[in-house]
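Let's take a look at a protein chain together, starting with the spaces in it and then zooming out to the whole. Have the picture handy as you read.

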Amino acid sequence: MKKLINDPGDVVDEMLDGMVTVHPEYVRRLDGQEVLVREDAPVDGKVGVVSGGGSGHEPTHAGYLGEGMLDGAAAGEIFTSPTADQLGEMVKACDGGEGVLCVVKNYEGDVMNFDTGAEMAEMEDVEVEQVVVDDDVAVEDSLYTSGRRGVCGTVFVHKVAGAKAAEGAELSEVKRVAEKANDNVGTMGTALTSCVTPEKGEPTFDLGEEEIELGIGIHGEPGTERVKHMPADEITDHLTEAVLEDLGTDAGTEVATIVNGMGGTPLSELYVVNRRLQELLDEKDVETWDAWVGDYMTSLDMMGCSITVLELDDELKELLAAPADTPALKVQ
């Protein structure tokens, strides 16, 4: 293993300090916690929108702290849920008097600890609601979940909820649009290689030299099948068809898409995938309203990608187009 780390046990702590050093105008760290919040949190009179999960998926989640997106992000150890105490402190720190929405990826540890953290905050008179994101169309249950996994579609949910909160909407409305985004988004990914966690120091799963995994999870959980490596267009067709079939996307539908890198994939290859994705959507008379390409929710140094499709209406388009200013995503 060759990584730019010191002690593997200090990676998350040092990463968070490094983020604060480079982005002090956006974020600050809660004392004694592996939690970052907006520099100006809590924002009086605005619903707080928070998220969190295991580290190793950067820029998710702290990269999306700022105006128009998240108010707080809790960082667990690599691929491990934050503790309930961390989550409770984050929720309280982001309450500006109008309540807090927690956006939770559907992993059992995250759901359980967010539930407990919310209860702790509610005991101190903070109103808390939650939305559990489950956009991965590949598998119904996995090593870490009951039901579908929450993956890159979560970023769209962050954007929509954050924009609604920035409008001054009530907590119930912020939750409603977050659920709307979740109900209309699907994602499927593929791995060309495993990832290497700092603690383990070796690949988290075995993948043959000529093999790829279709439907992989962001922690390396098994996908739908392991197949021989194929050209980019064939991989793109497989992922896209699975997402569109699951969504039941009709001709004439407007969508937003993400071609997301898993951490070790060159941007040039992601553009190759996006080229075929847009061709395929055009063939199906599905109109791309907006397309994002880059690393939005990674898996350490894994090579591979995921494709996300969000079906849109006028409300979701307006919220996606609303201004956002965060370290990892800016919308003017």
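Start with the second largest pocket: helix H6 (232–247), helix H7 (267–283) and strand E12 (304–311) each give at least two residues to its lining. Keep in mind that you're looking at a predicted model. Which helix gives the most to this lining? That's H7, with 4 residues. In total, 14 residues line the second largest pocket, and those nearest its centre are Leu192, Ala232, Ile235, Glu269 and Val273.

How do you find spaces like this in the first place? You roll a probe the size of a water molecule over the atoms, and that shows where empty space is left.

Now for the largest pocket, which has a volume of about 380 Å³. It has 15 lining residues, and Ile5, Val11, Met15, Glu58 and Leu300 are the closest to its centre. Here the largest share of the lining, 3 residues, comes from helix H1 (residues 11–22).

| Pocket | Volume | Lining by class |
|---|---|---|
| Largest pocket | about 380 Å³ | 8 nonpolar, 3 polar, 4 charged residues |
| Second largest pocket | about 170 Å³ | 9 nonpolar, 4 polar, 1 charged residues |

H5 runs over residues 171–183, so to speak a stretch of 13 residues. From its first C-alpha to its last, H5 reaches 18 Å, close to the 18 Å expected at 1.5 Å a residue. Which residues of H5 are buried? They are Leu171, Val174, Val177, Ala178, Lys180, Ala181 and Asn182.

What about aromatic rings? A pair of them is described by the distance of the centres and the angle of the planes. This structure holds 2 aromatic pairs. Ring pairs join Phe156, Trp292 and Tyr296 into a cluster.

Finally, step back to the whole chain. Its secondary structure comes to 8 helices and 14 strands. Along the principal axes, the C-alpha atoms fill a box of roughly 55 × 50 × 35 Å. Is the chain's build compact or stretched out? A compact globule of 332 residues would have a radius of gyration near 20 Å, and the chain has 19 Å, so the value agrees with a compact globule. As for what is tucked away, buried residues make up 57% of the 332 residues in the chain.

Terms used: Residues are numbered from 1 along each chain as its sequence is written. This is a predicted model: local features need pLDDT of at least 70, side-chain atom pairs count only at pLDDT 80 or more; totals for chains, interfaces and linings use all residues. Side-chain values use heavy atoms; hydrogens and water are left out. The expected span of a helix is 1.5 Å times one less than its number of residues. Buried means under 20% relative accessible area, exposed over 50%, partly exposed in between (1.4 Å probe, protein chains only). Rings of Phe, Tyr and Trp (its six-membered ring) pair if their centres lie within 6.5 Å; planes under 30 degrees apart count as stacked, over 60 as edge-to-face and the rest as tilted. On a 1 Å grid over the protein atoms alone, a cavity is a set of points where a 1.4 Å probe fits but cannot get out, and a pocket is an open set with protein on both sides within 12 Å along at least five of seven lines; lining residues have an atom within 4 Å of a point. Grid points are joined across faces, edges and corners, and a volume is the space filled by probe spheres set on the points. Ala, Val, Leu, Ile, Met, Phe, Trp, Tyr, Cys and Pro count as nonpolar, Asp, Glu, Lys and Arg as charged, and the others, Gly among them, as polar. The radius of gyration is taken over C-alpha atoms; the globule rule is 2.2 Å times the number of residues to the power 0.38.
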